[in-house]
Amino acid sequence: MEVDLKRKGRGFKKDKQTNVHGEYETLKSSEGLGQKSVEGWIILVTGVHEEATEDDLYEKYAEFGPIKDLHLNLDRRTGYVKGYCLLEYEDYAQAKNAIDATNGSELLGLNIKADFAFSKRR
């Protein structure tokens, strides 16, 4: 005997429609189409090792120009890095050079990826 359970919440409707709003936009690579934030050009670096420090990232990215801000998020529970970093440069050229030179490079044994945090729509 099959029991019909009442389920509430998203995803349990029997007449579920797929892709109601059409195709979603995806960001592949900004390819130089970065968008400036209020104060500067922000780079998102992913794949950062959990034991990386701000000094490790500063040493890797300082050669491309003065870094206005470097934000390295820590996990409250473990105290380790969450795996990403935000860097801010004053000029577009500095940020673009940093992305081009470090995207796919290695930091503390892991490959990191770098791209603009904000991208213009095409």
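Visitor: In which loop is Leu 108 found?

Guide: This is a predicted model. Leu 108 has a phi near 55 degrees, a positive value in a residue other than glycine. Leu 108 is found in the loop between β4 (106-107) and β5 (110-111).

Visitor: Is Leu 108 buried, partly exposed or exposed?

Guide: Buried means under 20% relative accessible area and exposed means over 50%. The relative accessibility of Leu 108 is 44%, so Leu 108 counts as partly exposed.

Visitor: In what order do the strands of the open sheet run?

Guide: The sheet has 4 strands, and the pairing is antiparallel. β2 and β6 are the edge strands, each pairing on one side only. From one strand to the next the twist averages 20 degrees. The order is β2-β3-β1-β6.

Visitor: Which residue of β3 is the bridge partner of Leu 72?

Guide: Strands of a sheet pair through backbone hydrogen bonds, either parallel or antiparallel. For β2 and β3 the sense is antiparallel, over 6 bridges. The bridge partner of Leu 72 in β3 is Cys 85.

Visitor: What angle does the direction of α1 make with that of β2?

Guide: α1 packs on the sheet and touches β1, β2, β3 and β6. The direction of α1 makes an angle with that of β2 of about 145 degrees.

Visitor: At what angle does α2 run to β6?

Guide: α2 lies across β1, β3 and β6. Its angle to β6 is about 155 degrees.

Visitor: Which element gives the most to the largest nonpolar core?

Guide: The largest nonpolar core has 22 residues, and those with the most contacts inside it are Ile 43, Val 45 and Tyr 61. At least two residues of this core come from each of β1, α1 (54-61), β2 (67-74), β3 (81-89), α2 and β6. With 4 residues, the element that gives the most is β3.

Visitor: Which residues does Val 45 contact, leaving aside neighbours within four places in sequence?

Guide: Val 45 is among the core residues with the most contacts inside the core. Its contacts beyond those neighbours are Tyr 61, Gly 83, Tyr 84, Cys 85, Leu 87, Ile 112, Lys 113 and Ala 114.

Visitor: What kind of aromatic pair do Trp 41 and Tyr 92 form?

Guide: The whole structure holds 4 aromatic pairs. In the pair of Trp 41 and Tyr 92, the rings are 5.0 Å apart centre to centre, with 70 degrees between the planes. Trp 41 is in strand β1 and Tyr 92 in helix α2 (residues 92-102), 51 residues apart. Planes over 60 degrees apart count as edge-to-face, so the pair is edge-to-face.

Visitor: Why does the pair of Tyr 92 and Phe 116 tie together separate parts of the sequence?

Guide: Tyr 92 and Phe 116 form a stacked pair, 5.7 Å centre to centre with 5 degrees between the planes. Tyr 92 lies in helix α2 and Phe 116 in strand β6 (residues 113-116), so the pair joins parts whose separation in sequence is 24 residues.

Visitor: Which residues do ring pairs link into a cluster?

Guide: Trp 41 is buried, with a relative accessible area of 13%, and Phe 116 is buried at 5%. Tyr 92 counts as partly exposed at 30%. The cluster linked by ring pairs is Trp 41, Tyr 92 and Phe 116.

Visitor: How far apart in space are Gly 40 and Glu 88, C-alpha to C-alpha?

Guide: Gly 40 is in the segment before β1 (41-46) and is buried at 0% relative accessibility. Not counting residues up to four places away in sequence, Gly 40 touches Lys 68, Glu 88 and Tyr 89. Gly 40 and Glu 88 are 48 residues apart in sequence, and their C-alpha to C-alpha distance is 6.1 Å.

Terms used:
Residues are numbered from 1 along each chain as its sequence is written. This is a predicted model: local features need pLDDT of at least 70, side-chain atom pairs count only at pLDDT 80 or more; totals for chains, interfaces and linings use all residues. Side-chain values use heavy atoms; hydrogens and water are left out. Buried means under 20% relative accessible area, exposed over 50%, partly exposed in between (1.4 Å probe, protein chains only). Contact means heavy atoms within 4.5 Å. Rings of Phe, Tyr and Trp (its six-membered ring) pair if their centres lie within 6.5 Å; planes under 30 degrees apart count as stacked, over 60 as edge-to-face and the rest as tilted. A nonpolar core is a set of buried Ala, Val, Leu, Ile, Met, Phe, Trp, Tyr and Cys residues joined through side-chain atoms within 4.5 Å. Two strands pair if DSSP finds at least two bridges between them. Axes are lines fitted to C-alpha atoms, for helices over the stretch in contact, and angles run from 0 to 180 degrees between N-to-C directions.
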